[in-house]
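Let's take a walk through this model together, one element after another. Keep the sequence and the 3D view side by side as you read.

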Amino acid sequence: MLATLTSKGQVTIPKTARDALHLNPGDRIEFVFADNGRLFLLPVTRPVRTLKGMLPKPAKPVTLEAMDNAITRAITS
């Protein structure tokens with residue numbers, strides 16, 4: 001699917017993508033960059049459980065302490 005960026009920075013999301021994401025007028029959308037540079041478009045109206053499996057699993061398990069440290073670094077940056 002292709003879309004064109006307007007001079008105002010706007011893009012029309014193709015109908016096929018809107019239907020697949022169950023997007024409706026007025027829905028909020030989040031843009032998330034993955035570590036590999038890919039950009040994900042996520043409807044904010046979906047439950048967080050629907051995101052499972054979207055990103056690859058880390059090479060090794062991440063501890064709660066490592067997650068807390070990453071959150072702290074992000075907040076203080």
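Helix α1 covers residues 15–21, and both D19 and K15 lie in this helix, four residues apart, which is about one turn of the helix. Before going further, please keep in mind that you are looking at a predicted model. The side chains of K15 and D19 meet in a salt bridge, with 2.9 Å from N to O. How many salt bridges does a search of the whole structure find? The search finds one.

Strand β1 is made of residues 29–33 and strand β2 of residues 39–43, and the two pair in the antiparallel sense over five bridges. Together β1 and β2 form a hairpin, with five residues between them. To find your way across the pairing, look for F33, which stands opposite L39 in β2.

Our last stop is helix α2, residues 64–76, where M67 is found. Which residues make a nonpolar surface patch here? V62, L64, M67, I71 and I75 make the patch, and its area is about 520 Å². M67 has a relative accessible area of 38%, so this residue is partly exposed.

Notes:
Residues are numbered from 1 along each chain as its sequence is written. This is a predicted model: local features need pLDDT of at least 70, side-chain atom pairs count only at pLDDT 80 or more; totals for chains, interfaces and linings use all residues. Side-chain values use heavy atoms; hydrogens and water are left out. Patches are made of residues with over 30% relative accessible area and no salt bridge: like charges are joined within 9 Å, nonpolar side chains (Val, Leu, Ile, Met, Phe, Trp, Tyr) within 5 Å. Accessible areas come from the Shrake-Rupley method with a 1.4 Å probe; for residues, only the protein chains shown count as cover. A salt bridge is a side-chain nitrogen of Lys or Arg within 4 Å of a carboxyl oxygen of Asp or Glu. Buried means under 20% relative accessible area, exposed over 50%, partly exposed in between (1.4 Å probe, protein chains only). Two strands pair if DSSP finds at least two bridges between them.
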